[in-house]
Amino acid sequence: NERLQQINVLLNLISEQQLISERAKAVAFRENERETLRRAIREEIARKDYEAALALAGDMETAFGYTQEADGFRREISELRKDEVRKQVAEAVAAIDRHCRGEQWNQALREAERLLRLFPADAQVRALPQEIENRRQNHKKQLLESWNQAVSRHDVDGSIEILRQLDAYLTPAE
């Protein structure tokens, strides 16, 4: 009989909790929900899904009114995103540099165009195609100078070799 009374008390408690409004539940369990939201934001940041993390930070602000904490998350996400962009740009610039040193101008331009599609707002990325062209023109200029020096020294074999290299850089008019 005593055990039945205990079960009855528990059933009444469950029944009452079922009758609690959604708003009352939200108030009662807000700390758990906030902690869950914080963990979710951290998980999205760890996965580098910055858009999802920003959306969750917005939820934290609108659902719970924690503007300062949401702004803190937004700043952190923004810095992490910038670091990620800097890292990707640095890696791509290193690849472009290798292509330029290897006189692989088309590959360097393709890499710059790929980077431009990914980060069109980045000033360094926007300057890459012109920088590649400048490096190409400087290399052409060096070859022309070397060719002129070889011709002035009457080094026929050397001048022909340089001319072969230079041929890829000259326009039909040149």
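1. Contact, as the word is used in this note, means heavy atoms within 4.5 Å. With that cut-off, and leaving aside neighbours within four places in sequence, Arg34 is in contact with Met60, Phe64 and Tyr66. Arg34 has its place in helix α3, which covers residues 30-46, and it counts as buried because its relative accessibility is 8%, where buried means under 20%.

2. The model is a predicted one, and its confidence should be read element by element. The chain averages a pLDDT of 88, and 94% of the residues score at least 70. Among the elements of the chain, helix α5 (residues 67-101) has the highest mean pLDDT, at 93, whereas helix α2 (residues 22-28) has the lowest, at 63.

3. On the α6 side the contact is made by Trp105, Ala108, Leu109, Ala112, Leu115 and Leu116, and on the α7 side by Val125, Arg126, Leu128, Pro129, Ile132, Arg135, Arg136 and His139. The residues of this contact of α6 with α7 divide into ten nonpolar, one polar and three charged.

4. The count of salt bridges in the model comes to 17, and one of the pairs is Asp97 with Arg135, whose side chains meet at 2.6 Å, N to O. This pair links distant parts of the chain, since Asp97 lies in helix α5 and Arg135 in helix α7, 38 residues apart. Asp97 is partly exposed, with a relative accessible area of 24%, and Arg135 counts as partly exposed at 27%. Arg135 is also one of the α7 residues that make the contact with α6.

5. Two further salt bridges each lie within a helix. In helix α5, Arg74 and Asp71 are three residues apart, about one turn of the helix, and their closest N and O atoms are 2.7 Å apart. Arg74 is partly exposed, with a relative accessible area of 25%, and Asp71 counts as partly exposed at 29%. In helix α6, Glu111 and Arg114 are likewise three residues apart, about one turn of the helix, with 2.6 Å between the closest N and O atoms of their salt bridge.

6. The backbone deserves a look at two loop positions. Most residues other than glycine have a negative phi. Lys48, however, has a positive phi of about 65° although it is not a glycine; it lies in the loop between α3 and α4 and is partly exposed, with a relative accessible area of 45%. Glu103, in the loop between α5 and α6, has a phi near 60°, again a positive value in a residue other than glycine, and it is partly exposed, with a relative accessible area of 37%.

Note on methods: Residues numbered from 1 in each chain as written. Predicted model: local features only at pLDDT ≥ 70, side-chain atom pairs only at ≥ 80, totals over all residues. Heavy atoms only, no water. Helix = DSSP H or I, 4+ residues; strand = E, 2+ residues; numbered from the N terminus. Nonpolar A, V, L, I, M, F, W, Y, C, P; charged D, E, K, R; others polar. pLDDT = per-residue confidence, 0-100. Salt bridge = Lys/Arg side-chain N within 4 Å of Asp/Glu carboxyl O. Buried < 20%, exposed > 50% of the residue type's maximum accessible area, 1.4 Å probe, protein only.
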